[in-house]
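Open the model in your viewer and keep the selection panel at hand. The stops below say what to select and what is there.

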Amino acid sequence: YINQMDMGALIYENGTAGKVEDPVLKAEWEQGKFKFTLPNGNSFISSVPKGMVTSEAVDLELPEGTVGLVNVNDEGEKFAGSWHFTKPGNYAIRLLMYQQPGGMAVDYNLYEIHFYFTIIEKRDNTLGVFPAPEGFVIKEVKRDGKSLKLQGERGCFLESDGYYEIRCEWEEQEGIFADTSFTRDTTAPFLSFSQEPKPEGVLGPIEFYPSQTECKVSMSYNGNHGYAVGNVLTAAGNYELSVEDEAGNRRTYHLRIRQTYNPVDGRVILAVLAILVIAGIRLVILRRDMRIL
């Protein structure tokens, strides 16, 4: 059946059926979810309306016999292993729905429905504009608990960082809302150092402190990469430190620790003794070869 769908027509014993893309769907609010009904009577249920941007998981409930293909972030269509979606990304779902021949079926068309939504992190640094879902208008936008002036019904610009609460209302039926909330965070964290890094390098040890406790600090030492397990740098060499927060904002630092020598270090003493021994031997040789003119 799927192999024939792109031919545009399917032949049955008692008639011909065609493929209908994106038919008009009847939308209903049913037990806290959205029910979409096709012209042939089939229906599917979604926890969010079409085009929703949310920081929560999304669930779809599909009737038996439905073929669903999922494309996340334009990486190519795949058969879904589950209809419970939690991973952040842009989802484009293609549903292929039809009535089985026989019985009470009166519509043999193959219906192809394109359904999409976006899942973002609860702390997000990618969203600059919030679009209203299809068939919805924006009714209220709050940032850090304060209501903002609406810029339009179809979208709003997220001009500053903060905690956003956005409410959209269904145009077909008053009192049906699609709500979302998230923290917009586009500010990179920073590191504080026990002494200011200088282009020519500093003498170790040197300590660093992230501005946020939940940050991750990765480190490169003379070209070797890994995560920092402490906050004290002692070994001489070149360092690259990157600090990243939960939203993915990153800041990078470059510093160099210069080699220092302890005057009482055993290696230094041995080196000095070796130099003195060599100098003494040379003096003995010179004295033995001296001539009086």
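## Strand β11 and its partners

Select β11 and strand β12 (residues 110-119): the two pair in the antiparallel sense over 9 bridges. Strands here are DSSP runs (E, at least two residues; helices are H or I, at least four), numbered from the N terminus, and two strands pair if DSSP finds at least two bridges between them. This is a predicted model, in which local features need pLDDT of at least 70 and side-chain atom pairs count only at pLDDT 80 or more, while totals for chains, interfaces and linings use all residues. Residues are numbered from 1 along each chain as its sequence is written, and side-chain values use heavy atoms, with hydrogens and water left out.

Within this pairing, Met97 stands opposite Tyr111 in β12. Of the 9 residues of β11 (89-97), 7 are buried, where buried means under 20% relative accessible area, exposed over 50% and partly exposed in between (1.4 Å probe, protein chains only).

## Tyr116

Stay on β12 and select Tyr116. Is Tyr116 buried, partly exposed or exposed? Tyr116 counts as partly exposed because its relative accessibility is 36%. Its side chain makes a polar contact with the side chain of Glu134, at 3.0 Å. A polar contact is a pair of N or O atoms within 3.5 Å; within protein, one must be able to donate a hydrogen and the other to accept it, and residues adjacent in sequence count only if both atoms are side-chain atoms. Show Val53 as well: its C-alpha atom is separated by 9.6 Å from that of Tyr116, 63 residues apart along the chain.

## The cores

Now select Phe44, Phe85, Phe117, Phe130, Ile138 and Ile166, the residues with the most contacts inside the largest nonpolar core, which has 38 residues. Such a core is a set of buried Ala, Val, Leu, Ile, Met, Phe, Trp, Tyr and Cys residues joined through side-chain atoms within 4.5 Å. β12 gives the largest share of this core, 5 residues. Apart from it lies another core, of 14 residues, including Ile206 and Tyr253.

## A separate stop: β20-β22-β25

Finish with the open sheet of 3 strands in the order β20-β22-β25, paired antiparallel. Its edge strands, β20 (191-193) and β25 (232-233), each pair on one side only. In β25, Val232 is the bridge partner of Glu207.
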